[in-house]
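This briefing summarises a predicted protein model. The sequence and structure are shown first, and the points that follow are grouped by topic.

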Amino acid sequence: DEPEIDSARISTTILREVIDNQRAILSDNAPKDPRFLSESVANLRIRSVMCVPLPCQEGLRGAIQLDSFRLGAMFSNDDLDLLAAVCVQAALALDNAQLHRSARERGGLERELELVTQVQLGFLPSERPRIPGYQFADHYAPAQSVGGDFFDYLPLPDGRLAITVGDVAGKGVSAALLMARMYSDVRYMLLSQPTPAQAVTQLNRQLSGGGLGHRFITLGLAVLDPRGNTVTLVTAGHLPPLLRSPGHHVRQVGIDVAGIPLGIDAAIEYRQNTLALEPGSALLLYTDGVTESMNKVRTCYGAERLSRQFASARGDVEQMIETILDDIDQDRKSTRLNSSHTVISYAVFCLK
């Protein structure tokens, strides 16, 4: 009688031998073969066996094993050659299937990232403010498709203009989601609180209890009052703004009232500082994507060089920004933008 064979049962001894050595096996008498002296071969009543590894781009995907349970029906070298040819074709088909699946998954991820990017860009201002006597310029160039840097212009009901620039720690989709949350939260606080400092204080309390995890957010806020030609500054862990005088002298401002980043300590009370803007002065706010941009010898651009370029720039605010960006490009010439940072910069310029 023919033995009843359970097709789900295989000899792991034979498979292990082929996979470990990555070499095909042919045996015309498996029970007597010294390589397979195991209970599984005997219990399965295998008479003849051949097993061929399945190669793949990463090394080895597995193996194909054929067993014969009949006396006199032994596999030959020709049978082994045929099985080896089948395994090569099977391995190619599996590799192609894997590549196809990876391409589809990658394509789906790229489409999702593109959608997130478009949503994120939709939060950024599409127009610059128009206030008599003032000029505005901004620049946004993400190093990755999505990130956590943002800026905004918000006209306030009393005629003032709030300008914010922020940086959510980290990059990618999670940082972009927090950036979207910040966009709405900052606007709400600025419209509901009586002073810029109170707005940032309440924003921090909300974020500190809002499950940011180990993330934190830096924020620079400038509230321009064109009626009195003043600007009120609040800084939460962000790089200090640069103020250029009509004589082109540049200094950091708001340092004396600077606070820690948002989302760390809910008890922090942020402070504000109000400065007078002289005719011909300019205010520059920026992220660390400017100062930490690296050249080919991995030297950061730095705040001092930024101050020098800001001081020496000529023309209107648009030309000032271009002067700074051109200098950054020259500094990192023949190397790419540091991929961990996003460049954002913008300026307020008083012409009165």
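Which residues in α5 are buried? In this helix, P196, A197, A199, V200, T201, L203, N204 and L207 are buried.

**Helix α5**

- Helix α5 covers residues 196-208, a run of 13 residues.

**Overall architecture**

- The protein has eight helices and 13 strands.
- Of the 352 residues in the protein, 45% are buried.
- Among contacts with a separation of 6 or more, 68% are between residues 24 or more positions apart.
- The accessible surface of the protein is about 18,200 Å², and carbon and sulfur atoms account for 51% of that area.

**Cysteines**

- A disulfide is a covalent bond between the sulfur atoms of two cysteines.
- C87 is in no disulfide: its nearest cysteine sulfur belongs to C51 and is 7.9 Å away.
- C87 has a relative accessible area of 1% and is therefore buried, the cut-off being under 20%.
- C300 has a relative accessibility of 37%, so this residue counts as partly exposed.

Technical notes. Residues are numbered from 1 along each chain as its sequence is written. This is a predicted model: local features need pLDDT of at least 70, side-chain atom pairs count only at pLDDT 80 or more; totals for chains, interfaces and linings use all residues. Side-chain values use heavy atoms; hydrogens and water are left out. Helices (H or I, at least four residues) and strands (E, at least two) are DSSP runs, numbered from the N terminus. Buried means under 20% relative accessible area, exposed over 50%, partly exposed in between (1.4 Å probe, protein chains only). Contact means heavy atoms within 4.5 Å. Accessible areas come from the Shrake-Rupley method with a 1.4 Å probe; for residues, only the protein chains shown count as cover. A disulfide is a pair of cysteine sulfur atoms within 2.5 Å. The expected span of a helix is 1.5 Å times one less than its number of residues.
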